[in-house]
Each structure stands twice: as C-alpha cells, then as structure tokens.
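Subject: Structure handover

Hello,

Here is the structure you asked to look at. My notes follow below it.

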Amino acid sequence: MFLKGIKDKFKQKSGLKFLNQALAEEQPPVTRSKGITSIGCLVDLDNFDNANLFYEFVEEFSLRPNSVKIIGYKSYYDKNSPYATPVFSDKDLGWNGNVENSYALEFLSREYDLLVNYYNEENLLLQLMTIKTRARVKVGFVEIDQAYNDLILNTPMKDFNVFKKELKKYLGVLNEI
C-alpha cells in the first residue's frame with residue numbers, strides 16, 4: 001500500500017511535467033472544415049451529474065444522432081457499477097501523462113469540431129484529456145486557465161441551459177453554425 005502511494009505520487013508528477021511541456025509547445029492545428037459536425041464533451045461528473053443533457057446539442061445544432069461523444073470524469077468509480085456515460089478516474093493515470101482507460105483512448109482517437117470542457121476546477125486528468133483531444137474549437141469555463149480553451153464562457157456550471165444558449169450565441173458570432 002505504501003509503495004502504491006509513492007508510485008501514484010510519481011505518476012502525478014510525471015503527468016504534471018507532461019502537461020507543462022504540452023502547454024509550452026504549439027498544438028498541431030486540426031484540419032477540419034468550418035462548421036460544427038462533431039462535438040466531444042469532457043464532463044466532471046463529481047460536480048455535474050447529468051451528462052445526458054449534452055445530447056441536446058444534436059437538436060440544437062442540427063447534428064447527426066451519433067455526432068456527440070461524451071466522456072465523464074469521477075475521482076473514484078466502481079467498475080462494477082453501471083454508468084450511463086463512459087467514465088475515467090484518477091486511477092487511470094499512467095506514466096508520462098498517459099491515460100490508461102479504453103473509453104478515454106477511444107475518445108482521444110477521434111477528431112472533433114468542438115470540444116466542450118465542462119469542468120470548472122483544476123484537475124490533472126481533465127486537463128490532460130483537454131490537451132490531448134484534437135479539436136478545432138475548445139470551449140470551457142472562466143475558472144480554468146485560458147491556455148486550455150479557445151472560447152471561455154462565464155456562466156454557472158450548474159445551469160446547463162444558460163451555457164448552451166451562450167455557446168450557440170458565440171458560435172454564431174464566429175460563423176461556426
């Protein structure tokens with residue numbers, strides 16, 4: 001148990017080092033055409049428990065039913081408990097900032113037009129997922145460092161309808177929808 005704690009501490013340190021290096025580098029551009037056809041959502045399920053609301057983006061932006069991909073983060077989850085949303089947690093952190101979770105790897109394997117970072121607290125795993133996800137436009141909350149997001153909304157996290165309305169407004173301004 002003691003050695004596992006030390007190992008986890010070194011993994012955290014390794015992940016932070018990778019994160020800082022990735023933030024210092026220029027991110028490769030995503031070469032998708034203008035417009036929103038696919039959306040990825042990183043959701044902090046510890047602070048926002050209804051991830052199914054993100055499927056409303058399908059109707060809101062007139063998308064195909066399978067164009068919204070959601071993955072949730074929980075600080076701890078039981079693998080035997082059923083979750084409606086694919087979940088990853090702190091125990092999925094590997095060496096050098098790698099995430100060792102099949103759901104997370106599948107999420108990262110795709111390219112998105114829009115990445116919604118629906119978390120408002122600094123969290124190593126969520127920030128690693130944000131950096132590693134290839135998306136043309138990244139949207140998040142004002143509480144998170146501006147280096148992670150292209151569009152920052154100052155809305156309450158608990159009020160999804162306000163977030164959705166503001167997101168649609170600003171994507172319209174940017175001629176994305």
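Leaving aside neighbours within four places in sequence, which residues is Phe-54 in contact with? They are Cys-41, Val-43, Phe-48, Val-68, Ile-70, Val-116, Tyr-118 and Phe-160, where contact means heavy atoms within 4.5 Å.

Before the rest, the basis. This is a predicted model, in which local features need pLDDT of at least 70 and side-chain atom pairs count only at pLDDT 80 or more, while totals for chains, interfaces and linings use all residues. Residues are numbered from 1 along each chain as its sequence is written, and side-chain values use heavy atoms, with hydrogens and water left out.

Strands

Helices (H or I, at least four residues) and strands (E, at least two) are DSSP runs, numbered from the N terminus. Two strands pair if DSSP finds at least two bridges between them. Buried means under 20% relative accessible area, exposed over 50% and partly exposed in between (1.4 Å probe, protein chains only).

Strand 2 (residues 68-73) has six of its six residues buried, so the rest of the structure largely encloses it. Val-68, Ile-70 and Gly-72 point one way from this strand, and Lys-69, Ile-71 and Tyr-73 point the other way. Strand 2 pairs in the parallel sense with strand 1 (residues 39-44) over six bridges, and Ile-71 is the bridge partner of Leu-42 there. Strand 2 also pairs with strand 3 (residues 87-88), again in the parallel sense, over two bridges; Tyr-73 stands opposite Phe-88.

Strand 4 (residues 111-118) has seven of its eight residues buried. Its parallel pairing with strand 1 runs over five bridges, and its parallel pairing with strand 5 (residues 134-141) also runs over five bridges. Leu-114 in strand 4 is the bridge partner of Ile-39 and of Val-137 in strand 5. Strand 4, helix 4 (residues 124-132) and strand 5 make a right-handed β-α-β unit; right-handed means that, with the strands pointing away from the viewer, the path from the first strand over the helix to the second runs clockwise.

Aromatic rings

A search of the whole structure finds 15 aromatic pairs. Rings of Phe, Tyr and Trp (its six-membered ring) pair if their centres lie within 6.5 Å; planes under 30 degrees apart count as stacked, over 60 as edge-to-face and the rest as tilted. Phe-48 and Phe-54 are edge-to-face, at 6.1 Å centre to centre with 70 degrees between the planes, and both are buried. The ring centres of Phe-57 and Phe-160 lie 5.7 Å apart with the planes at 50 degrees, so this pair is tilted. Phe-57 is in helix 2 (residues 56-60) and Phe-160 in helix 5 (residues 160-173), so the pair ties together parts 103 residues apart in sequence. These four residues belong to one aromatic cluster, which also includes Phe-61, Tyr-118, Phe-141 and Phe-163.

Lys-164

Lys-164 is in helix 5 and counts as buried because its relative accessibility is 12%. Not counting residues up to four places away in sequence, Lys-164 touches Glu-56, Phe-57 and Glu-60.

Nonpolar cores

A nonpolar core is a set of buried Ala, Val, Leu, Ile, Met, Phe, Trp, Tyr and Cys residues joined through side-chain atoms within 4.5 Å. The largest has 29 residues, and those touching the most other members include Ile-39, Phe-54 and Leu-167. Helix 5 gives the most to this core, with four residues. Apart from it lies another core, of 23 residues, among them Ala-22, Tyr-112, Leu-124 and Ala-135.

Regards
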